Amino acid sequence: MTSYEAAGVDIAAGERAVELMKSRVARSRRPEVVDDVSGFAGLFDASALLKYKRPLLATSTDGVGTKVDLARRLGVYDTVGHDLVGMVIDDLAVCGAEPLFMTDYIACGKVVPERIADIVGGIAEACALAGCALIGGETAEHPGLLESDEFDLAGAGTGVVEADEILGPDRVQAGDVVLAMASSGIHSNGYSLVRHILATTDLTLESAPAELDRPLGEELLTPTRIYAKDCLALTEAGGVRAFAHITGGGLAANLARSLPATADAVLDRSSWEVPPLFRVLQEHGGVPQPEMDKTFNLGVGMAAIVSPDAADAALRLLASRGVPAWTLGEITEGTGTAAFA
């Protein structure tokens with residue numbers, strides 16, 4: 001018999017997945033969320049923006065990239081949800097925006113309710129950490145385009161910032177200090193290179209290099225650190241000029257995006273020890289240092305540019321919030337570039 005299910009789409013499995021994820025999604029709820037009984041749209045009470053003089057909405061969208069392939073191979077699905085939130089919501093934090101809500105999209109070859117619930121549950125838990133609500137999403141079954149165990153995910157987030165409080169290059173000046181916030185690992189960039197190293201060397205997901213405390217696969221799936229609330233706390237404390245989310249392109253390239261054309265960021269490579277995971281990948285893969293620099297975060301997930309008189313207090317604040325941080329460099333007169341001294 002010809003049917004939608006015979007074509008590979010299981011509507012009942014999708015409905016089961018929704019039921020499994022409901023309680024976990026509820027944990028990310030904010031007071032401004034309004035229930036839509038139909039479930040076709042996510043509703044957010046915009047009257048919450050009345051406290052702003054000139055509220056600007058900020059939006060960002062992203063995915064997790066080929067890290068999802070490692071999650072599939074290891075059968076671990078909740079951590080990539082954290083990665084998605086980190087990639088989307090922490091981009092909003094760069095301009096000083098408070099994250100309000102997020103939506104997600106999951107495409108898969110076959111809906112396995114428990115798997116989808118784990119993915120969305122991870123997204124919701126990370127949204128709660130970031131202080132934003134997960135107010136909607138979509139799961140699409142793509143039989144024939146994706147294998148039954150394959151999936152991909154993406155998301156979009158919205159935040160708000162006061163117009164005259166936007167952070168960015170126009171606030172940065174010579175004499176400012178660059179602070180680094182430690183990453184939890186590779187986060188979600190560079191996994192195509194990671195997969196290439198796994199395919200061409202003796203490393204496997206089950207490998208246990210002496211430099212690491214657990215198998216390589218577990219290290220590679222460490223979820224992205226969520227910085228949104230930490231960035232907001234720094235902003236509220238005062239003295240922050242700009243942030244830089246260290247994602248694709250590496251530390252120097254992302255920092256340069258937060259610099260004016262009249263200033264440079266001079267970074268001290270000796271100010272921190274690159275985590276062993278990066279060294280393992282570099283040594284086994286024979287990856288040159290310039291390639292490491294432009295591919296991975298090398299242990300720095302977010303950078304803050306602050307006024308010199310605010311630097312010490314900022315480091316103390318981050319330490320009190322459990323975020324390892326240190327002085328990474330300084331801002332000098334220049335041409336808008338960031339480089340290691």
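1. Helix H5 and its neighbours. The model is a predicted one. H5 itself covers residues 191-200, and its buried residues are Tyr191, Val194, Ile197 and Leu198. Seen down the axis of H5, these buried residues fall within an arc of 110°, so they line one face of the helix. Ala199 and Thr200, on the other side of H5, are exposed.

2. Overall build. The protein has 11 helices and 12 strands. Its C-alpha trace spans about 70 × 60 × 35 Å along the principal axes. A compact globule with 341 residues would have a radius of gyration near 20 Å; the protein has 21 Å, which agrees. Of the 341 residues, 49% count as buried. The accessible surface comes to about 15300 Å², and 53% of that belongs to carbon and sulfur atoms.

3. Contacts along the chain. Take the contacts between residues at least 6 apart in sequence. What share of them joins residues at least 24 apart? The figure is 85%.

4. The largest nonpolar core. This core holds 72 residues, and Leu153, Leu220 and Leu255 touch the most other members. Helix H4 (residues 113-130) gives the most to this core, with eight residues. Leu153 deserves a look in the viewer. Residues up to four places away in sequence are not counted here; beyond them, Leu153 touches Gly63, Val64, Val68, Val80, Leu84, Tyr105, Ile106, Ile119 and Ile123.

5. A second core. There is also a separate core of 17 residues. Phe243, Val306, Ala314 and Val323 are among them.

6. Salt bridges, and the ones at Arg72. A search of the whole structure finds 12 salt bridges. Side chains of opposite charge can pair when their charged atoms come close. Arg72 forms a salt bridge with Asp69, with the closest N and O atoms 2.8 Å apart. Both residues lie in helix H2, three residues apart, which is about one turn of the helix. Arg72 is at 24% relative accessibility, so Arg72 counts as partly exposed.

7. From Arg72 to Asp149. The side chains of Arg72 and Asp149 also meet in a salt bridge, at 3.1 Å from N to O. Arg72 lies in helix H2 and Asp149 in the loop between strand E5 (133-141) and strand E6 (151-162), so the pair ties together parts that are 77 residues apart in sequence. Asp149 is partly exposed, with a relative accessible area of 30%. Which residues are linked in the network of salt bridges? They are Asp69, Arg72, Arg73, Asp149 and Arg195.

8. Asp176 and Arg241. These two residues form a salt bridge, with the closest N and O atoms 3.1 Å apart. The pair links distant parts of the chain, 65 residues apart. Asp176 is in the loop between E6 and strand E7 (177-182), while Arg241 is in strand E8 (residues 240-245). At 1% relative accessibility, Asp176 counts as buried.

9. Met87. This residue lies in helix H3 (residues 79-93). Met87 is buried, with a relative accessible area of 3%. Which residues does Met87 touch, not counting those up to four places away in sequence? They are Asp62, Gly63, Ser188, Asn189, His245 and Thr247. Glu114 is another matter. Met87 and Glu114 are 27 residues apart in sequence and 24 Å apart in space, C-alpha to C-alpha.

10. Asp104. Strand E4 (residues 98-108) holds Asp104. Is this residue buried or exposed? At 9% relative accessibility, Asp104 counts as buried. Leave aside the neighbours within four places in sequence, and Asp104 is in contact with Leu84, Val120, Ile123, Leu134, Gly136, Gly137, Glu138, Ala154 and Gly155.

Technical notes. Residues are numbered from 1 along each chain as its sequence is written. This is a predicted model: local features need pLDDT of at least 70, side-chain atom pairs count only at pLDDT 80 or more; totals for chains, interfaces and linings use all residues. Side-chain values use heavy atoms; hydrogens and water are left out. Buried means under 20% relative accessible area, exposed over 50%, partly exposed in between (1.4 Å probe, protein chains only). Helices (H or I, at least four residues) and strands (E, at least two) are DSSP runs, numbered from the N terminus. The arc is that of the directions from the helix axis to the C-beta atoms. A salt bridge is a side-chain nitrogen of Lys or Arg within 4 Å of a carboxyl oxygen of Asp or Glu. The radius of gyration is taken over C-alpha atoms; the globule rule is 2.2 Å times the number of residues to the power 0.38. Contact means heavy atoms within 4.5 Å. Accessible areas come from the Shrake-Rupley method with a 1.4 Å probe; for residues, only the protein chains shown count as cover. A nonpolar core is a set of buried Ala, Val, Leu, Ile, Met, Phe, Trp, Tyr and Cys residues joined through side-chain atoms within 4.5 Å.
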